[in-house]
Amino acid sequence: MITPILPTYNRVDLVFERGEGAWLFTKDGERYLDFTAGIAVNVLGHAHPHLVAALTAQAGKLWHLSNLFRIEGGERLAARLTAATFADTMFFTNSGAEALECAIKMARKYHSASGQPERARIITFEGAFHGRTLATIAAGGNAKYLEGFGPAMPGFDQVPFGDLDAVKAAIGPETGAILIEPVQGEGGVRTAPWAFLRELRALCDAHGLLLILDEVQCGVGRTGKFFAHEWAGITPDIMAVAKGIGGGFPVGACLATENAAKGMTAGTHGSTYGGNPLAMSVANAVLDVVLEEGFFEEVLATSARLRQRLAELKDRHPAVIAEVRGEGLLLGLRTVVPNTDLIAAMRTEGMLAPSAADNVVRLLPPLTIGDAEIDAAFAKLDAACARIEATLKADAAKGAAA
Ligand SMILES: Cc1ncc(COP(=O)(O)O)c(C=O)c1O
């Protein structure tokens, strides 16, 4: 019999009652170190007092209005985000996929408004993940996610990640934009070389294309800069943001330059909920913390300390861990054993982390973890690896005896 919740997820059989910082607690008091953080969402951990205060204060005043009226919190958030980024304007959404939908529509509309409506095609990259709507599964190009859902939405040309010649070869008279995650998250924690991003920027400029960045997972401090593209020293024309910007409240945004947004006039796009007062109050509270002087430097220092311990872990357990990769606190362990084995062993040790493609275990802690959490993560990972090694040894002994 089907479950009352559509069974599209293989859920872990754990029910959490509350969270505090990087820790989650079950009803019977078991605690887990949370390096999933809602899949790179809870940048300030669980129940951050400043976010709780902002949400509860707003909840007592006004929840929802619709975009038929001015929303002060949204105007404030947009002003702060335009001041802190390349963007001149933005559209607020409730999720990453919706931010991408807006980005894709905006790119098409830009060329249409420029008198070249045929330039509706977008170059995307293998291993990409942009969401689960019809347009974003077509953009992501993952056969597993497209299977059975009818004809894929046309307009996407996929090339290998990091392959500049393939990008050049894919540019045709109907190409309008290039869409890339500066660091692929679901795709296996794969960083686009910063030089490659610069080359894409130059190609876009040379061919009149729009550069769209998907910073849904790698943005909002996760790589140790406000946005990952800052490492490359470039700016996009359009950027999709979500996850961290809401700190756990569903918020997304499609940021753009004035030029890229020129076709998006009144009536061209909309959302009932996007940018509602509750969402805006929390996102503003997230910015209060992450834009504080020194926050990103602290993320980088934390990342360096964690990476050092992970390198030690890899040396201690070469039969389990093949590689440590990633940027800032968007880290991955490529495993020798199936990544799901390590995730299960970590859970037994009281630590949670999600998988990614390329046999990777992602480590996505809150950006606010300290030495206590780093030490706990090391101890739990070390014990999880030892558990797997014991199983490997037992299996080998069995094999020799047989
Ligand atoms: C890079 C990237 N883009 C887009 C999305 C889609 O975001 P959402 O699940 O909020 O629609 C995700 C979600 O994991 C993501 O990692």
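**Close-ups of a predicted model**

**View 1. Phe125 and Phe161 are both buried.** Keep in mind that this is a predicted model. The count of aromatic pairs comes to seven. One of them joins Phe125 and Phe161, edge-to-face, with 6.2 Å from centre to centre and 80° between the planes. Phe125 belongs to strand β5 (residues 121-125) and Phe161 to the loop between β6 (156-159) and α7 (164-170), so this contact ties together parts 36 residues apart in sequence.

**View 2. Phe125 also pairs with Phe196.** Here the ring centres are 5.8 Å apart and the planes sit at 85°, so this pair counts as edge-to-face. It's a link between distant parts of the chain: Phe125 is in strand β5, Phe196 is in helix α8 (residues 194-207), and 71 residues separate them. Buried or exposed, what are Phe125 and Phe196? Both are buried.

**View 3. Four phenylalanines make up a ring cluster.** Which residues do the ring pairs link here? They are Phe226, Phe227, Phe295 and Phe296.

**View 4. Two charged side chains sit over aromatic rings.** Arg132 has its charged end over the ring of Tyr145, 3.8 Å from the ring centre. Over at Trp231, the charged end of Lys225 takes up that position, at 4.6 Å from the centre of the ring.

**View 5. The second largest pocket holds about 610 Å³ of space.** Its lining runs to 25 residues, and those nearest the centre are Asn67, Thr89, Met90, Phe91 and Phe92. Which elements each supply at least two residues of this lining? They include α3 (72-84), β4 (89-93) and α4 (96-113).

View 6. Cys102 is in no disulfide, and the nearest cysteine sulfur, on Cys254, is 3.6 Å away. Cys102 has 1% relative accessibility, so it counts as buried. Cys385 is buried too, with a relative accessible area of 0%.

Methods
Residues numbered from 1 in each chain as written. Predicted model: local features only at pLDDT ≥ 70, side-chain atom pairs only at ≥ 80, totals over all residues. Heavy atoms only, no water. Phe/Tyr/Trp six-rings, centres within 6.5 Å; stacked < 30°, edge-to-face > 60°. Helix = DSSP H or I, 4+ residues; strand = E, 2+ residues; numbered from the N terminus. Buried < 20%, exposed > 50% of the residue type's maximum accessible area, 1.4 Å probe, protein only. Lys NZ or Arg CZ within 6 Å of the ring centre and 35° of its normal. 1 Å grid on protein atoms, 1.4 Å probe; cavity = no way out; pocket = protein on both sides within 12 Å on 5 of 7 lines; lining within 4 Å. Points joined across faces, edges and corners; volume = space filled by probe spheres on them. Disulfide = S-S within 2.5 Å.
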